[in-house]
Every structure is written in C-alpha cells, then in structure tokens.
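Let's take a quick tour of a predicted model.

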Amino acid sequence: GWTLVHFWATWCGPCVAELPMLQRMAQEMAGNLTVTTVNVDELAPGAVARWMGREGITLATLLDPEGAAQRAWGIVSLPTSYLVDPSGMVVGRADGARDWQDESVKAFLGEKMGG
C-alpha cells in the first residue's frame, strides 16, 4: 500500500507539533496509507520510545542515530516527509512542517493516491 515516510527528531519543535496530526491522519486513512516515522535523534536505545510513550504517540518508528537513512533519502532539514506509492516509488515530498489535518493536504494526498 501507500506509505508516508516522515523524518523527525525530538529536539525539532515543528516535528514534535506534527506527530499528533500525523497519528490522527494515520488512523483516519488506515487501510489506504501507512505512516512510518524515522527518528534521527542520537539518543540511547529506548529514549525515543520513552519520549513517544510520554507524548502518546504510537506511530511505527524506525531509529536512525547514525544518519544513514537521512543520507540515503537526501534529508537536509527536518521535518521532511515522502509519499511512497505501492510499487516503492517516491511520488511526493514535503519539506518542513505541514498541518496534516488540513483539507488541502488531505486533498493533495487523495489526488496523488488516485482517490
């Protein structure tokens, strides 16, 4: 299916503000879109999970403390999100924070996803 890959860090204020909106969007679009986050903090193992637990964020999260995924995806600023189609092709990129609950953002995703 479709995947939104979202790069973020706990020290990035706009990133943190987006996570609850991304979580709501993931719940609303369940079955059509999976949201996977990639945390780029250089924290001890478990620290990101504890932070997410305190914030009530349950999104699937991969850890990239060495920055390998960041380099591979060409991330230059946070947050950055990619829309990946079912075949694995990147079809959209959002640099910077977005209001993922905004109707224009939902319309854009729907259009890209052919819905």
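Gly31 counts as exposed, because its relative accessibility is 82% and anything over 50% gets that label. You'll find Gly31 in the loop between helix 1 (13–28) and strand 2 (33–39). Its C-alpha atom is 8.0 Å from that of Gly1, and the two residues are 30 apart along the chain.

**Aromatic pairs: Phe7 and Tyr82**
- Now for the rings: this structure has four aromatic pairs.
- Phe7 is buried, with a relative accessibility of 0%.
- Tyr82 is buried too, at 5%, since the cut-off for buried is under 20%.

**Aromatic pairs: Trp8 and Trp51**
- Trp8 and Trp51 make a tilted pair, with 5.3 Å from centre to centre and 40° between the planes.
- Here, too, distant parts of the chain are linked: Trp8 belongs to strand 1 and Trp51 to helix 2 (residues 47–55), 43 residues apart.
- Trp8 counts as buried at 0% relative accessibility, and Trp51 counts as buried at 14%.

**A cluster of rings**
- Phe7, Trp73 and Tyr82 are joined into a cluster by ring pairs.

Notes. Residues numbered from 1 in each chain as written. Predicted model: local features only at pLDDT ≥ 70, side-chain atom pairs only at ≥ 80, totals over all residues. Heavy atoms only, no water. Helix = DSSP H or I, 4+ residues; strand = E, 2+ residues; numbered from the N terminus. Buried < 20%, exposed > 50% of the residue type's maximum accessible area, 1.4 Å probe, protein only. Phe/Tyr/Trp six-rings, centres within 6.5 Å; stacked < 30°, edge-to-face > 60°.
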